[in-house]
Amino acid sequence: MVKKFDFLVIGSGIAGMSFALKVAHKGKVALICKSGLEEANTYFAQGGVASVTNLLVDNFDKHIEDTMIAGDWISDRAAVEKVVREAPAQIEALINWGVEFDKNEEGEFDLHREGGHSEFRILHHKDNTGAEIQDSLIKAVQRHPNITVIENHFAVEILTQHHLGVTVTRQTPDIKCYGAYILDPKTGR
Ligand SMILES: Cc1cc2nc3c(=O)[nH]c(=O)nc-3n(C[C@H](O)[C@H](O)[C@H](O)COP(=O)(O)OP(=O)(O)OC[C@H]3O[C@@H](n4cnc5c(N)ncnc54)[C@H](O)[C@@H]3O)c2cc1C
């Protein structure tokens, strides 16, 4: 059976659900997950999310440097810079989808400092930040009329040009994804 959507999203963690929410105004989205919507590593992340939020005491260069040091300089600098610089916008998106981060009595984010961070920049929700993110995104996804959730289905193969007889490797430029084979373990189809 072929099901057609404008976007196919595999996985219901923070990556999959936030992508689904970002593109859902452009077309129909299928969100596939191999078990229940809530079953993801995202749910279990406790500590919090690092982002520069207070430019009076912190800045992107410090966050980038801390991350490169913590990664023993093996990390891809371009990727680190992208993640660090885009973090505030992603935090804002999470908040707009309903995620609540703890605030102090002055109404500012209650920032923590941990791990390799030299500044207070960890946003958190009590000690269950991941569960707060997971639950809030599930509600936002379920509210969205353009997102169809398909639980308990496994993505078993991504369809690319290799299905047309073209040799595709990780180095192939412009790999296209036409869809995926999705298995329903209940029916075996
Ligand atoms: C105990 C713990 C504590 C953590 N603490 C922190 C922390 O404090 N701060 C922090 O920043 N990070 C933390 N992390 C890491 C963080 O949770 C992950 O980096 C993040 O959640 C990854 O999100 P994701 O959406 O990429 O993947 P996930 O949340 O793992 O989501 C993957 C999704 O893909 C689905 N899936 C996988 N394969 C298939 C398939 N073949 N077919 C269909 N569906 C499939 C899964 O069911 C799931 O829904 C922690 C992780 C753990 C486990």
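Tutor: Let's begin with terms: helices (H or I, at least four residues) and strands (E, at least two) are DSSP runs, numbered from the N terminus. Val-80 is found in helix α4, which covers residues 77–96. This is a predicted model, where local features need pLDDT of at least 70, side-chain atom pairs count only at pLDDT 80 or more, and totals for chains, interfaces and linings use all residues. Residues are numbered from 1 along each chain as its sequence is written, and side-chain values use heavy atoms, with hydrogens and water left out.

Student: What makes up the protein chain, in helices and strands?

Tutor: The protein chain has five helices and seven strands. Starting at the N terminus, their order is β-α-β-α-β-α-α-β-α-β-β-β. Its C-alpha atoms fill a box of roughly 55 × 40 × 30 Å along the principal axes.

Student: Why is Val-80 called buried?

Tutor: Buried means under 20% relative accessible area, exposed over 50%, and partly exposed in between (1.4 Å probe, protein chains only). Val-80 has 9%, so it is buried. Of the 189 residues of the protein chain, 34% count as buried. The C-alpha atom of Val-80 is also 9.3 Å from that of Glu-65, 15 residues apart along the chain.

Student: How do you know that the structure holds zero disulfides?

Tutor: A disulfide needs two cysteine sulfur atoms within 2.5 Å. The structure holds zero of them. For Cys-33, the nearest cysteine sulfur is that of Cys-177, 17 Å away.

Student: What makes the nonpolar surface patch?

Tutor: Patch members have over 30% relative accessible area and no salt bridge; nonpolar side chains (Val, Leu, Ile, Met, Phe, Trp, Tyr) are joined within 5 Å, like charges within 9 Å. A salt bridge is a side-chain nitrogen of Lys or Arg within 4 Å of a carboxyl oxygen of Asp or Glu. Areas come from the Shrake-Rupley method with a 1.4 Å probe, and only the protein chains shown count as cover. Here Leu-8, Ile-10 and Ile-158 make a patch of about 230 Å². Ile-158, in strand β6 (residues 154–159), has 39%, so it is partly exposed.
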